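Subject: Structure handover

Hi,

Here is the structure for your files. My notes follow below it.

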Protein chains: 2
Amino acid sequence: MTIENVSQAKVFGGWHKQYTHTSDTLNCNMRFAIFLPPNATKSNPVPVLYWLSGLTCTDENFMQKAGAFRVAAELGIAIVAPDTSPRGDDVADDDGYDLGKGAGFYLNATQAPWSDHYQMYDYVVKELPALIEENFPVSKVKSISGHSMGGHGALTIGLKNSQQYRSISAFSPITNPMQCPWGQKAFSAYLGNNFEAWKEYDTTELLKKAKAGLPILVDQGDADNFLVEQLKPQELIAAANLFKSDVEVRMQPGYDHSYYFISSFIGDHLHFHAKHLFA
Amino acid sequence: MTIENVSQAKVFGGWHKQYTHTSDTLNCNMRFAIFLPPNATKSNPVPVLYWLSGLTCTDENFMQKAGAFRVAAELGIAIVAPDTSPRGDDVADDDGYDLGKGAGFYLNATQAPWSDHYQMYDYVVKELPALIEENFPVSKVKSISGHSMGGHGALTIGLKNSQQYRSISAFSPITNPMQCPWGQKAFSAYLGNNFEAWKEYDTTELLKKAKAGLPILVDQGDADNFLVEQLKPQELIAAANLFKSDVEVRMQPGYDHSYYFISSFIGDHLHFHAKHLFA
């Protein structure tokens, strides 16, 4: 598994680096970014927080705008940010910002023309962690977080792979994609009309059968433009209450859907994950 | 002086807001951004740090990427970021990224076709502070900082207006524009061949005649691609030593010219300014 370094910048005593590689899972070239804290060495491998971004994003949005590195450097946590979809001229796309490139929804597509490349679930769960653990001074201990579509990705991937992650967090996640326009458009295209398949990628549905008590922290701004139509945190809260899952949902008054919101609370999320990563 | 709000987002309990207005000084419409800390109220006006950005930037780069708001909120400092040049279809421009729009160099142009709009020195020194003090819960107490071309702007404006500012800081500033390609290209276009005029916008020259001891903090990465050809911190250090100015230049090993560098040390700069803003 060959990776090629395409940028690096020192930050808070650690390093932000971008790499490209050929993904067997996605059948295309991909770029990802990693933050390595100053104490990460071969003899001191550090745990990893995987960050999944939202619609239209690449590996760069979180790394440039979240302001996460001060706390991650202090705690000794690496952060890995993949892209949000397969990329390249031969990858199927759509005119909308909410389907196709930049909108992979962290699932394995079963329908043409998407199924050739759109296998983001397997990429994030299997290929990427193997690549990271082979090439960087990190341990196999990991947690997962994300924003909006990436919050949906973090919650569904974490709930379905509770042995692989220590904790899950999300900002403004799409909690019930089967019941919102973004999710219905994407699932129809990528998964067809197989509603049992849809349930496998719906946090609210997954919570109903989740047995392991992976701890979950969610922050949601109450001035978020997408709150009512797309994000539906009340569905997450209802499912969590009903099934006694270990979920904390914090409604944050006055905050919107932007990275200004994420930057305000990413420190809390890193401390939350650290409690479990270093337990 | 009418201003129009075009965006707002809550961040660290305060607010990031963007406004547009018609600038008499620049003879065009301009956008600026302001961060207001949570404690800023009419009965508790807060001091302001003006931030001047580098080549190609707008009001957005610093606000999105510097990670400054946590500390600014704690300290109770507002931050104002203007654009880096006049804007609009009837504003003169150049094909290069280092002249014309996005490259105003914080001076008053005297040469055609630039002199119609490129009066960024007067905009930053006079019009913008008057506008800010009229419209927001801020005091008249202020400091100034910036990056690269904006570091040049902060240093020259601060040195020439030492009664108006309490302190100056800069990241990777162009310290001696008369002697570097960026400065020579811009000054030739905006100021013609009047070298006495050039000296009025050259930090190293201004330090030689600076009488007031305005405190200055400069951070410069030693892995900065522009260090040797464009930035020349040794000229600043030599002039400061010769004329016993109150300048601290910190060479930061391994850091480059990016906002990853700025984000690593902006907290130090805010604490440095706070010491003088609240003195």
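The area buried between chain B and chain A is about 1800 Å², with 52% coming from carbon and sulfur atoms. Buried area here is the accessible area (1.4 Å probe) that two parts lose on being put together, summed over both. In chain B, B:Lys10, B:Gln64 and B:Tyr260 lose the most area to chain A, together 37% of what that side buries.

This is a predicted model: local features need pLDDT of at least 70, side-chain atom pairs need 80 or more, and totals for chains, interfaces and linings use all residues. Residues are numbered from 1 along each chain as its sequence is written, chains are lettered from A and ligands numbered from 1 in the order written, and side-chain values use heavy atoms, without hydrogens and water.

Back to the interface. Contact (heavy atoms within 4.5 Å) links 22 residues of chain B with 22 residues of chain A. There are 0 salt bridges between chain B and chain A (side-chain nitrogen of Lys or Arg within 4 Å of a carboxyl oxygen of Asp or Glu). The side of chain B that touches chain A has 10 nonpolar, 8 polar and 4 charged residues. Nonpolar means Ala, Val, Leu, Ile, Met, Phe, Trp, Tyr, Cys and Pro; charged means Asp, Glu, Lys and Arg; the others, Gly among them, are polar.

One residue to look at is B:Ser143. B:Ser143 counts as buried because its relative accessibility is 0% (buried is under 20% relative accessible area, 1.4 Å probe, protein chains only). B:Ser143 touches residues including B:Tyr50, B:Ser167 and B:His273, leaving out those up to four places away in sequence.

Best wishes

Notes:
Buried < 20%, exposed > 50% of the residue type's maximum accessible area, 1.4 Å probe, protein only.
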